[in-house]
Amino acid sequence: MRMYDIIAKKRDGGNLTTEEINFFIDGYTDGSIPDYQASALAMAVFFQDMNEEERAALTMAMVNSGDTIDLSDIMGVKVDKHSTGGVGDTTTLVLAPLVASVGVPVAKMSGRGLGHTGGTIDKLEAVPGFHVEITSEEFVNLVNKNKIAVIGQTGNLTPADKKLYGLRDVTATVNSIPLIASSIMSKKIASGADAIVLDVKTGAGAFMKSKAEAEELAKAMVSIGNNVGRQTMAVISDMSQPLGRAIGNALEVKEAINTLQGNGPDDLTELSLTLASQMVVLGGKAETLDEARQLLEENIKNGKAIDKLKEFLSAQGGDESVVDHPENLPKASHTFELEAKQSGYIQEIVADEIGSAAMMLGAGRQTKESEIDLSVGLVLNKKVGDYVEEGESILTLHSNTTDVDSIKEKLYENITISESNLDTPTLVHTIIS
Ligand code: URA
Ligand code: CA
């Protein structure tokens, strides 16, 4: 087999066989196929697309390029959730204990990564004492006992994806549905998921700006999952404005606590219940999404969801008193209000720009080496569609410096107030199940 022929076949619109895809991924991983041939193939895929069989084969070839996590010692169906990334997305912190409280095992492997705020692990580390440096054995035991545990990334997962994603990034081939879908799905499958729930975001703060693109990506991932024996469902949700009110690590932990107690922001509560219902159905604990939702709502009302959070935090060394006393979470030394310059209705809160402002305060990493400040961030007092009086606070900045003028400037530039009342954006656009 020659890489040249594989490139030419795809260039001319042909369909690659599983053997050809394996030959490419194996050779690219071990270095026998050079970057220039891999980039030519990525560009050919960009223009010629891949059919369902090719997408499934590419996904599994990338899964098999490195280590895979074996969760078979954990009882039950392991359902994982993936979000394509948003601003102030606190859903994982809510979903994990909520879903565990109805008996679906949550075996979460998580990373830190770059972004407007830290990843799930960084957020959880805002709880004093909480740590994810546990052995695989402890991890398995904790999930079997409590139905929930979080561990840091271990092993060399999907090296082919790492290398190919890096190459796509510099060859203008990131934005290809088959390549994105196989990249995301390969990582979820390698980390041991039996079933997968996807939250594909759309809007200013999202990777997929349009609803049509988001839907195409979601359908592509659902079909890959179902073709490789992992039941998969998806939700298309709005990321034109930040999700919930808090953007920042400790601030989001507090928001998750409120939500698990039934006092969370409407949008975060709704999206969490929607995604959690899918997880519960895939986990085999309910027949229908409605039935699942009832179980989940019940556990918020009767306190089982918040109790599960306490149990989870203390099992990994965390101080569970933060649940009843959120003032024990890290706190910034200053708060400042962003006061409305005119009265009217909030028309737009541009998600990605608001996220950048939170990062400027220190809530996220700009480079892998950056230190995160867990205490800082933003809390929205108004959301799109709300009425605000001149001088009233639109949002509160939590900062450890007093020099916030340029950040305030950026915030003003990205929040618009209009005289007319507008419809609030739809939160959940589509459910694919
Ligand atoms: N995120 C991924 O993990 N892979 C892609 O290809 C694009 C976004
Ligand atoms: Ca939030």
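## Terms and basis of the model

Contact here means that heavy atoms lie within 4.5 Å. This is a predicted model, in which local features need pLDDT of at least 70 and side-chain atom pairs count only at pLDDT 80 or more, while totals for chains, interfaces and linings use all residues. Residues are numbered from 1 along each chain as its sequence is written, chains are lettered from A and ligands numbered from 1 in the order in which they are written, and side-chain values use heavy atoms, with hydrogens and water left out.

## Overall fold

The protein has 17 helices and 13 strands, these being DSSP runs numbered from the N terminus (helices H or I, at least four residues; strands E, at least two). For 433 residues a compact globule would have a radius of gyration near 22 Å, and the protein agrees with this because its own value is 22 Å; the radius is taken over C-alpha atoms, and the globule rule is 2.2 Å times the number of residues to the power 0.38. Along the principal axes, the C-alpha atoms fill a box of roughly 70 × 50 × 40 Å.

Buried residues make up 56% of the 433 residues, where buried means under 20% relative accessible area, exposed over 50% and partly exposed in between (1.4 Å probe, protein chains only). Of the contacts between residues at least 6 apart in sequence, 78% join residues at least 24 apart.

## The calcium site

The calcium ion (ligand 2) is coordinated at 2.3 to 2.6 Å by Gly-88 (O), Thr-90 (OG1), Leu-243 (O), Ala-246 (O) and Glu-255 (OE). Along the chain these donors follow the spacing G-x1-T-x152-L-x2-A-x8-E. Gly-88 lies in the loop between β1 (79-83) and α5 (91-100) and Ala-246 in strand β6 (residues 246-247), so the pair ties together parts that are 158 residues apart in sequence. Gly-88 is buried, with a relative accessible area of 3%, and Ala-246 is buried with a relative accessible area of 3%.

Donors are N, O and S atoms within 2.8 Å of the metal (3.2 Å for Na, K and Ca), and because water is not among the atoms, sites may look incomplete.

## Helix α6

Thr-120 lies in helix α6 (residues 120-124) and counts as buried at 15% relative accessibility. Leaving aside neighbours within four places in sequence, Thr-120 is in contact with Thr-92, Leu-93, Ser-110 and Gly-111.

Asp-122 is also placed in helix α6, and its relative accessibility of 3% puts it among the buried residues. With neighbours within four places in sequence again left aside, Asp-122 is in contact with Arg-112, Asn-249, Arg-365, Ile-372 and Leu-374.

## Helix α16 and its surroundings

The buried residues of helix α16 (residues 351-361) are Ala-351, Ile-354, Gly-355, Ala-357, Ala-358, Met-359 and Leu-361. What covers them includes the strands β6, β8 (344-349), β9 (377-380), β11 (393-399) and β12 (415-418), together with helix α17 (405-413). Gly-362 follows α16 and has a positive phi, near 110°.

Lys-147, in the loop between α7 (136-146) and β3 (148-152), has a phi near 70°, a positive value in a residue other than glycine. Thr-158, found in the loop between β3 and α8 (159-169), likewise has a positive phi, near 40°, and is buried with a relative accessible area of 3%.
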